[in-house]
Amino acid sequence: MTDPTFLHTLQAVNQTASFNRWAGFEVVQAAAGEAEIRMAWREEDMGQYAGYLHAGLTGAMLDTACGYAAATVAGRVLASHFSVNCLAPAVGRSFVARGRVVKAGRKQVFASAELFAEQESGELMLVATANAILVPVEAPARPRA
């Protein structure tokens, strides 16, 4: 069940990330240890040579879902390890990534995520999975001029 506080916080964080804005990531659900993001397919700039969702965007969605799920239990986090398994060609009208915390410690948060391609029928097809280890961090350092 979505927690409005987590949802609004993650939506605000999501809007500060220029890559996420370009890609059209939208945080649609959040609860303690869980997050879900969506992205609409744009044929003109998201495909790879065969017309499927580019694996870079697959990884980005899974990474973001893991990070947002971890953020609900640990605050600001960065990935220290990340792995992706592509299970099927990513073809759909939109994509849904669902992240969840597997185990949270003081220094590391273990998370996993699944990426689904939404078909024209509305059916969700699993196309990729991921595992991540995230570490809590302080507020981001600002680049020096």
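Visitor: Which strands does H4 lie across?
Guide: This is a predicted model, and in it H4 lies across E1, E2, E3, E4, strand E5 (109–118) and strand E6 (124–136). Its direction is about 40° to E4.

Visitor: And H1, what does that lie across?
Guide: H1 lies across E1 and E2. Relative to E1, H1 runs at about 145°.

Visitor: In what order do the strands sit in the sheet?
Guide: The order is E1-E2-E4-E5-E6-E3. It is an open sheet of six strands, and the pairing is antiparallel.

Visitor: Which strands stand at the edges?
Guide: Strand E1 (26–31) and E3 do. Each has a single partner strand, so one side of each is left without a neighbour in the sheet.

Visitor: How much are neighbouring strands turned against each other?
Guide: By 20° on average, with direction ignored.

Visitor: Let's take the pairs. How many bridges do E1 and E2 have?
Guide: E1 and E2 pair over five bridges, in the antiparallel sense. Val-27 stands opposite Ile-37 in E2. The two strands form a hairpin, with two residues between them. Gly-33 is in that turn and has a positive phi of about 80°.

Visitor: What about E2 and E4, how many bridges there?
Guide: Seven bridges, again antiparallel, between strand E2 (residues 34–40) and strand E4 (residues 94–104). Glu-34 has Arg-100 in E4 as its bridge partner, and Ala-40 is partnered by Ser-94 in E4.

Visitor: Then E4 and E5?
Guide: Those run antiparallel and are joined by 10 bridges. Ala-104 has its bridge partner, Val-109, in E5. E4 and E5 also form a hairpin, with four residues between them.

Visitor: Changing topic. What is the volume of the largest pocket?
Guide: About 760 Å³. The lining has 24 residues, and those closest to the pocket's centre are Val-13, Tyr-68, Arg-76, Val-77 and Leu-78.

Visitor: Which elements supply at least two residues of that lining?
Guide: Helix H1 (4–16), helix H4 (55–74) and strand E3 (77–86) each do.

Visitor: How do the lining residues divide into nonpolar, polar and charged?
Guide: There are 12 nonpolar residues, eight polar and four charged in the lining of the largest pocket.

Visitor: I also clicked on Arg-42. Where is its place?
Guide: Arg-42 is in the loop between E2 and helix H3 (43–46). Leaving out residues up to four places away in sequence, Arg-42 touches Trp-22, Ala-23 and Gly-24.

Visitor: How far apart are Arg-42 and Val-109?
Guide: They are 67 residues apart in sequence, and their C-alpha atoms are 32 Å apart in space.

Visitor: Now the whole chain. How many helices and strands does it have?
Guide: Four helices and six strands. Along the sequence the pattern is α-α-β-β-α-α-β-β-β-β.

Visitor: How compact is the chain?
Guide: The radius of gyration of the protein chain is 15 Å, close to the 15 Å that the globule rule gives for 145 residues, so the chain is as compact as a globular protein of that length.

Visitor: And what box do the C-alpha atoms fill?
Guide: Roughly 40 × 40 × 30 Å, taken along the principal axes.

Technical notes:
Residues are numbered from 1 along each chain as its sequence is written. This is a predicted model: local features need pLDDT of at least 70, side-chain atom pairs count only at pLDDT 80 or more; totals for chains, interfaces and linings use all residues. Side-chain values use heavy atoms; hydrogens and water are left out. On a 1 Å grid over the protein atoms alone, a cavity is a set of points where a 1.4 Å probe fits but cannot get out, and a pocket is an open set with protein on both sides within 12 Å along at least five of seven lines; lining residues have an atom within 4 Å of a point. Grid points are joined across faces, edges and corners, and a volume is the space filled by probe spheres set on the points. Ala, Val, Leu, Ile, Met, Phe, Trp, Tyr, Cys and Pro count as nonpolar, Asp, Glu, Lys and Arg as charged, and the others, Gly among them, as polar. Two strands pair if DSSP finds at least two bridges between them. Axes are lines fitted to C-alpha atoms, for helices over the stretch in contact, and angles run from 0 to 180 degrees between N-to-C directions. Contact means heavy atoms within 4.5 Å. The radius of gyration is taken over C-alpha atoms; the globule rule is 2.2 Å times the number of residues to the power 0.38.
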